[in-house]
Structures are given as C-alpha cells and as structure tokens.
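Let's take a friendly walk through a protein model, starting with its charged pairs and moving on to its helices. Keep the 3D view open as you read.

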Amino acid sequence: MYLKRMKEQDIRSDQDVQRLSNQWNNSMTNELIASVLNGEYIPPIILGQEPNSQIWIIDGLQRSTALMMFRYSNYRITSSIEEPVISYRAKARDTEGNLKYDGNGDVVWEDRAFDLARKTYDKLPEELQNRFDEYQIETVIHEECNTRRISTLIKRYNNHTSMNTAQRAFTHIDHFAKDVR
C-alpha cells in the first residue's frame, strides 16, 4: 500500500530540501530487496504531513525509491547480491497445476528456493511477489507540518555519519573481528 500511495503521489518524494533519489548503489538496493523478501526488519520511513493532507518523505527516500524501482521500474537485482537464494514455502501442485492434498484433505506444502540474481520483480514466483507486496513498511507521520518544519526534520533525521572503510571491513570478517579488535 505504501508504494501504491507513492506511485499515486499521495506520498511525495520531491520535497524542495530533500536530497535527490537514486543515491544508492546496486549493492544497497539488492540488500534492501533481499531484506524485504526475507521478511527482515527495515527501519521505519519518516513522513511529514501538511494541514492540506499532502504527505512528504522526510527520512527513507532511498529505501522508498529502491523499492519503487524494483516493483514498478523493472530493476534487475545484480549478481553481486550477498545471499541471492531466498527460501519460501509454496503449495504443491501436480503436473496439470492442480493443488495436491494429503490423506487428511489438507493442502500439501513444499519448501522451495529461488535465486534472486539477475531477476526483476516480474520474474519472481507468485509467492515471493506476494511476500514483497504484503511486506509491512512501518511509517511514522509528523502531523501539522509546514515547509519550515519539514526542512528541520529532514536536517535532523539526516544528521549522521556513515561507517568508514575500516568499520565496514569488520562486517566482512565477522568470525575473526573479536580477535582482530
């Protein structure tokens, strides 16, 4: 629903002081999509609502546009995705596409795996498309905002420092990081 509201401009991403979208590289976009498909946590999107009901993205623009690109703009996950295989459960079907049932009349489920590398949304199996579409994006809305308040909130939520190269390197040697430190 969140992405649909963005697509319909109920939630706007082009506030005057907001940095431009598409600042993430492919790796960042890949990992966000994998997180959603695995049902993992992503931080909430922070929104600001004006009295006229217009809603603006304050924090989470890169996440929002990355998800929009995958869902609506044919973004292809690159082969450099860290963990490309997604596990999921699907209803078992026979060769004619009919559901399979066990001896008790219950639908039979089977474990499946899907490799995301070089795939777009439309190449996902239906179960993973549904998982993506049904993912609950948490939002926080600051109400009764004007342009000045939205600008202040954008500055506040974007006032942080990224990990430097050495800090990021530790995430790649997790088994030895304690010993190295």
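## Charged pairs

In this predicted model, Asp14 and Arg12 form a salt bridge, with their closest N and O atoms 2.9 Å apart. Asp14 is partly exposed, at 42% relative accessibility, and Arg12 is partly exposed too, at 22%. The structure holds five salt bridges. Why can such pairs form? Side chains of opposite charge can pair when their charged atoms come close.

Another pair is Asp111 with Arg89, where the closest N and O atoms are 2.7 Å apart. Asp111 sits in strand β5 and Arg89 in strand β4, so this pair ties together parts that are 22 residues apart in sequence. Asp111 is exposed, at 63%, while Arg89 is partly exposed, at 46%. Then there's Arg112, which meets Glu110 in a salt bridge at 2.6 Å, N to O.

Now look at helix α2 (residues 26–37) and helix α3 (residues 61–72): they pack at about 80 degrees, with axes 10 Å apart. That makes α2 roughly perpendicular to α3. Residues making the contact include Leu32 and Ile33 of α2, and Leu67 and Phe70 of α3. The contact residues split into seven nonpolar, one polar and one charged.

## A helix with a buried face

Which residues of helix α4 (residues 126–134) are buried? They're Leu128, Gln129 and Phe132. Seen down the axis of α4, these buried residues fall within an arc of 105 degrees, so they line one face of the helix. On the other side of α4, Glu126 and Glu134 are exposed. The cover over the buried residues of α4 includes α1, α2, α3, β4 and β5.

Technical notes:
Residues are numbered from 1 along each chain as its sequence is written. This is a predicted model: local features need pLDDT of at least 70, side-chain atom pairs count only at pLDDT 80 or more; totals for chains, interfaces and linings use all residues. Side-chain values use heavy atoms; hydrogens and water are left out. Axes are lines fitted to C-alpha atoms, for helices over the stretch in contact, and angles run from 0 to 180 degrees between N-to-C directions. Helices (H or I, at least four residues) and strands (E, at least two) are DSSP runs, numbered from the N terminus. Angles under 35 degrees count as roughly parallel, over 145 as roughly antiparallel, 65 to 115 as roughly perpendicular and the rest as oblique. Contact means heavy atoms within 4.5 Å. Ala, Val, Leu, Ile, Met, Phe, Trp, Tyr, Cys and Pro count as nonpolar, Asp, Glu, Lys and Arg as charged, and the others, Gly among them, as polar. Buried means under 20% relative accessible area, exposed over 50%, partly exposed in between (1.4 Å probe, protein chains only). The arc is that of the directions from the helix axis to the C-beta atoms. A salt bridge is a side-chain nitrogen of Lys or Arg within 4 Å of a carboxyl oxygen of Asp or Glu.
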